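Here is a brisk report on a single protein chain. Please look over the sequence and the structure before reading on.

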Amino acid sequence: TNISSFIFVIRFIPHKFSSNMNENKRALYLIAFIVALGAILVQTKKTGLSSDITNDEIMAHIRYLSHENRGGRYPGTRGSRDVIAYMTKHLKSYGVEPGLNDSYVQPFDITSGIKLGKKNYAHINGDSIFVEEDYIPLWFSSNGTTEGSIVFAGYGFDISEEELQWNDYNDLDVKGKWVMVMRHSPERENTHSLFAKHSPLHKKMLVARDQGAIGIIFISQMEDDGLFPLTYTPGYSNAGIPALHFSNNLADRVLRGVGWSREKIQKTMNRSRESVNFIINDQILNTNVGLELVTTRCANVIGEIKSGNRKYRDEYVVLGAHFDHVGEGGVGSGSRKPDLLQVHPGADDNASGTSGLLEIAQKLAANKSRLKRSVLLIGFDAEEKGLLGSKYFISNPTVDLNKIITMINMDMIGRMKDSSATVGGVGTSPLFEPLIDSLETDRSFNLSISSQGFGPSDHASFYSENIPVLFFFSGIHDDYHTPDDTWKHINLQGTTDIVNLVYDVAYHLARTPITPPFSEAGPKQSQQSMGRGFTITLGIMPSYTSTEEGLVIDSISKPDGPAAKAGMKKGDVIKSINDKPIKNIYDYMDRLGELKKGMSVPIVVDRDGELLTLEATF
């Protein structure tokens, strides 16, 4: 319309500027011409006459998103808020409508950390010991006041396996007492040791809790210095008993009173491969633990291109890319160089995918009149925290999930090497392989195809809901999750080539009247997400974000698995397995690791407030 108006004015003015036109009329027409031209130029600057996907625009997005001023785009920070504002501004300028009524922003809270509260104190026989100096509560500790005597129980093992027998609780009554155990195992350096799966702190706590202990105290081996850091780990929650780590000085002081030392205990157990356990006489420990979770406000960015087609406009193609990264690194951030406390730019992960999302949004909006289906464009937050943004959207969708015909995800598309990239999820619909085959013809790069629907990015949240997915990815590299993932290493032409292909796929799916049928293509959860040494699976997708006590079932991942056959359903909360309580996902993992193929065990679930006992056979 603007171009047509401009041509009309150009043609109109010379005609009116005829020789017999008086000066006043000429001046009026000239002013009208200038005003019309100015309006056109302003509109052109705002929306752009061209909606082509260009190298320059992609690089401009990447450089802004990965600039040091964004601080690594850690969820909840000012840098993250800058990115949300940047994406919102661009979507609006492209003519993309808000995805949530009048807003582009879908806010949500995440638990991002843990800290010491105001009421943390401890006494041994009335003498004060000091938090962060003499002891520290561990991240899975319960809160509250606890008092009792102390019993030492070796490494805290209760192992009865064909290959390994070791029980530190033989002939030891720990009910109503604190249990003190040594960290690690006799084979601490051997990651393939039979002790490895029994050595985690949480596993040892679980054993002590099952034995009736009121609390657990960890002491270090001689190789360890300092107190264990109080670092939040997603999925852990109140363990039901307090869990403390004593400093080396405090541990030596307590043990000295009964004629032992850390060095003597460690050498004795490691040499003899037998437990050392004893009662620590006349030592009464009284504590009050007060840990507080730290909550961070995050937000997805959602835009909608609403089709005018009455038949198909309520169906959606979703395009997604996460915009968060790991901030300035550090322990627990996900950085592969946690000792470097500096900005991790995340140019490839995932400023590249976010730039592609914006460019595709602009081009699809310009071609809105040609679309049969509507399109949702979602920038996901907190992906690095465990796909939290996409999981929140799935739990709080802005459209009917049953109306989403496909989710297309872009994550790390900026480092194409050897003219090749990958698309995953092709097996999640029989429509996808012929579609990809037809659209990759005459491209300047080769496209490798993976059929599996699950993957370590936001499309996994949609696949778990039986939504067909496609995942575009240019490959891993040495700069992944380090400060070296900068815009200077981006393969710009390769990124543009991938974005153009993704646009073509999205454009086709938004125009074809055929709905891609869903096909299950591989598991709906990571095969390594449930820990080491598992010989069985329950066949569920557990919730990694729920704060409810127990294990919330997000979905049934295996229709013919033990959970499905036992009658479990999405939303059930597992309270116990084989008569052993489950308080969180890590309790669940440890309990599952104790089971073997062929076993049938009772599982108690809470279903809408009613406790049901179901029998699961593995």
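## A core residue and its partners

Start with Leu 364. Beyond the residues up to four places away in sequence, Leu 364 touches Ile 305, Leu 319, Leu 371, Val 375, Tyr 503 and Tyr 507. The model is predicted.

## Nonpolar cores

Leu 364 belongs to the largest nonpolar core, which has 58 residues. Leu 364 is among the members that touch the most others, along with Leu 319, Ile 360, Ile 408, Phe 472 and Val 505. Which element gives the most to this core? Helix α12 does, with 10 residues. A second core is separate and holds 33 residues. Its members include Ile 124, Phe 157, Trp 178 and Val 289. In soluble globular proteins, nonpolar side chains tend to be buried together.

## The chain as a whole

The protein chain has 618 residues, and 52% of them count as buried. It carries 14 helices and 25 strands. Take the contacts with a separation of 6 or more: 78% of them are between residues 24 or more positions apart.

## Helix α12 against helix α3

Two packed helices are described by the angle between their axes and the distance between the axes. For α3 (residues 55–65) and α12 (residues 492–511), the axes come within 9 Å and cross at roughly 105°. An angle of 65 to 115 degrees counts as roughly perpendicular, so α3 and α12 are roughly perpendicular to each other.

Helix α3 makes the contact through Asn 55, Ile 58 and Met 59. Helix α12 brings Leu 492, Gln 493, Thr 495, Thr 496 and Val 499. By class, the contact of α3 with α12 has 4 nonpolar and 4 polar residues, and no charged ones.

## Helix α9, largely enclosed

Why is helix α9 (residues 388–395) described as largely enclosed by the rest of the structure? The reason is that 6 of its 8 residues are buried. These are Leu 388, Gly 389, Ser 390, Lys 391, Phe 393 and Ile 394.

The strands include β2 (105–116), β13 (291–305), β15 (374–380) and β16 (404–410). Helix α11 (459–463) is also part of the cover.

## Strand β1 and Pro 98

Pro 98 lies in strand β1 (residues 97–98). Is Pro 98 buried or partly exposed? Its relative accessibility is 24%, so Pro 98 counts as partly exposed.

Leaving aside neighbours within four places in sequence, Pro 98 is in contact with Ser 103, Tyr 104, Ile 302 and Glu 304. Pro 98 and Ile 305 are 207 residues apart along the chain, yet their C-alpha atoms are separated by 8.8 Å.

## Salt bridges

Side chains of opposite charge can pair when their charged atoms come close. The count here comes to 27 salt bridges. One of them joins Glu 161 and Lys 197, at 3.4 Å from N to O. This pair links distant parts of the chain, 36 residues apart. Glu 161 sits in the loop between β7 (158–160) and β8 (165–167). Lys 197 sits in the loop between β9 (178–182) and α5 (201–210). Glu 161 is buried, with a relative accessible area of 15%. Lys 197 is partly exposed, at 29%.

Another salt bridge pairs Asp 224 with Arg 188, with the closest N and O atoms 3.1 Å apart. Again the pair links distant parts of the chain, 36 residues apart. Asp 224 is in the loop between β10 (215–219) and β11 (243–246), and Arg 188 is in the loop between β9 and α5. Asp 224 counts as buried, at 9% relative accessibility. Arg 188 counts as partly exposed, at 28%.

## A further pair and a network

Lys 583 forms a salt bridge with Glu 549, and their closest N and O atoms are 3.4 Å apart. The two are 34 residues apart and link distant parts of the chain. Lys 583 is in the loop between β23 (580–581) and α14 (585–593). Glu 549 is in the loop between β20 (540–542) and β21 (551–556). Lys 583 is buried, with a relative accessible area of 18%. Glu 549 counts as partly exposed, at 44% relative accessibility.

Which residues do salt bridges with shared partners join into one network? They are Lys 203, Asp 210, Lys 580, Arg 591 and Glu 594.

Terms used:
Residues are numbered from 1 along each chain as its sequence is written. This is a predicted model: local features need pLDDT of at least 70, side-chain atom pairs count only at pLDDT 80 or more; totals for chains, interfaces and linings use all residues. Side-chain values use heavy atoms; hydrogens and water are left out. Buried means under 20% relative accessible area, exposed over 50%, partly exposed in between (1.4 Å probe, protein chains only). Helices (H or I, at least four residues) and strands (E, at least two) are DSSP runs, numbered from the N terminus. Contact means heavy atoms within 4.5 Å. Axes are lines fitted to C-alpha atoms, for helices over the stretch in contact, and angles run from 0 to 180 degrees between N-to-C directions. Angles under 35 degrees count as roughly parallel, over 145 as roughly antiparallel, 65 to 115 as roughly perpendicular and the rest as oblique. Ala, Val, Leu, Ile, Met, Phe, Trp, Tyr, Cys and Pro count as nonpolar, Asp, Glu, Lys and Arg as charged, and the others, Gly among them, as polar. A nonpolar core is a set of buried Ala, Val, Leu, Ile, Met, Phe, Trp, Tyr and Cys residues joined through side-chain atoms within 4.5 Å. A salt bridge is a side-chain nitrogen of Lys or Arg within 4 Å of a carboxyl oxygen of Asp or Glu.
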